[in-house]
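Biologist: I have a model open and would like to learn how to read it piece by piece. Could you walk me through it?

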Amino acid sequence: MAEEPAIDPFILAIRCAQRDLIRRAGGIERVALITSRSTSAVGRWNGKRETDIMPIPVVRILEEDTDAPLVTAAMASVTGRRLSGSGERRERALSLIQCLAGDQASESDLTGTILEALSDGHVTPTEARLCLEKLSDKEVSHDRLKRCLIDAIAGGGLDVLKGRAAR
């Protein structure tokens with residue numbers, strides 16, 4: 001029986017990462033669809049015994065689609081490096097969006113409560129207390145939004161492209 005040739009650890013890491021990337025992206029047929037490649041080409045990238053490596057533009061498309069830089073991280077780790085910052089930036093971008101949405105929701109809730117209290121031409125003490133509670137909620141959400149913006153400043157800014165943090 002013939003011996004199998006030794007596999008370069010770099011290539012092995014890349015092939016494992018590309019198989020994981022194909023799985024995360026929805027499988028061979030979906031990857032073929034979004035990358036405009038044939039299912040047989042994608043199947044060769046996905047095969048355990050195959051030696052084909054994904055072209056860089058395909059890696060970029062799939063890593064963007066899945067928001068998982070698996071192949072890029074594998075390439076970095078084999079050379080003794082690691083990726084950093086993209087997850088942190090993404091979290092800051094999502095946090096800012098969530099803070100903004102929360103602030104807008106609190107503003108809307110406060111406005112609705114005040115308008116409802118005014119609708120009959122008389123604001124009762126109970127309605128005024130409820131409005132005051134909604135104002136306190138608004139202040140809390142406003143402070144959260146400020147903290148998110150301060151974090152963006154402290155982090156050197158925040159780049160957001162197509163709804164995702166820049167890498």
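Modeller: Gladly! Let's begin with one residue and its surroundings. Keep in mind that this is a predicted model. Ser106 sits in helix H6, which covers residues 86-118.

Biologist: Is Ser106 buried or exposed?

Modeller: Ser106 has a relative accessibility of 15%, and therefore counts as buried; the cut-off for buried is under 20%.

Biologist: Which residues does Ser106 touch, not counting those up to four places away in sequence?

Modeller: With those set aside, Ser106 touches Asp137, Lys138 and Ser141.

Biologist: Let me step back to the whole chain. How many helices and strands does the protein chain have?

Modeller: The protein chain has 7 helices and 2 strands. Reading from the N terminus, the order is α-α-α-α-α-α-α-β-β. The chain has 167 residues, of which 25% count as buried.

Biologist: And among contacts between residues at least 6 apart in sequence, what percentage join residues at least 24 apart?

Modeller: Those at least 24 apart make up 65% of such contacts in the protein chain.

Biologist: Now for helix packing. How are two packed helices described?

Modeller: The general idea is to give the angle between the two axes and the distance between them. Here, take helix H2 (residues 28-35) and helix H3 (residues 39-46): their axes come within 9 Å and cross at roughly 120°. H2 and H3 are therefore oblique to each other. As for handedness, H2 passes H3 in a right-handed crossing.

Biologist: Which residues of H2 and H3 meet?

Modeller: On the H2 side they are Ile28, Glu29, Val31 and Ala32, and these meet Thr39, Val42, Gly43 and Asn46 of H3. Sorted by class, this contact of H2 with H3 has 4 nonpolar, 3 polar and 1 charged residues.

Biologist: Next, the nonpolar residues. What should I expect of them in general?

Modeller: In soluble globular proteins, nonpolar side chains tend to be buried together. In this model, the largest nonpolar core has 16 residues, and those touching the most other members are Ile22, Val31, Val42, Trp45, Met54, Leu62 and Val71. At least two residues of this core come from each of helix H1 (9-24), H2, H3, helix H4 (56-66) and helix H5 (70-78). H1 gives the largest share, 4 residues.

Biologist: Let me follow one of those. Which residues is Val71 in contact with, leaving aside neighbours within four places in sequence?

Modeller: Val71 is in contact with Ile14, Ala17, Gln18, Leu21, Val59 and Glu63 once those neighbours are left aside.

Biologist: How do I read the buried residues of a helix such as H5?

Modeller: In H5, the buried residues are Val71, Ala74 and Ala76. The buried residues of H5 pack against H1 and H4. After H5 comes Gly80, which has a positive phi near 85°.

Biologist: One last residue, please. Where is Arg144?

Modeller: Arg144 is in helix H7, residues 125-154. Its relative accessible area is 45%, so Arg144 is partly exposed. Arg144 and Cys99 are 45 residues apart in sequence, with 6.2 Å between their C-alpha atoms.

Note on methods
Residues numbered from 1 in each chain as written. Predicted model: local features only at pLDDT ≥ 70, side-chain atom pairs only at ≥ 80, totals over all residues. Heavy atoms only, no water. Axes fitted to C-alpha atoms, helices over the stretch in contact; angles between N-to-C directions. Parallel < 35°, antiparallel > 145°, perpendicular 65-115°, else oblique. Left-handed = near helix turned anticlockwise from the far one by under 90°. Contact = heavy atoms within 4.5 Å. Nonpolar A, V, L, I, M, F, W, Y, C, P; charged D, E, K, R; others polar. Core = buried A, V, L, I, M, F, W, Y, C linked by side-chain atoms within 4.5 Å. Buried < 20%, exposed > 50% of the residue type's maximum accessible area, 1.4 Å probe, protein only.
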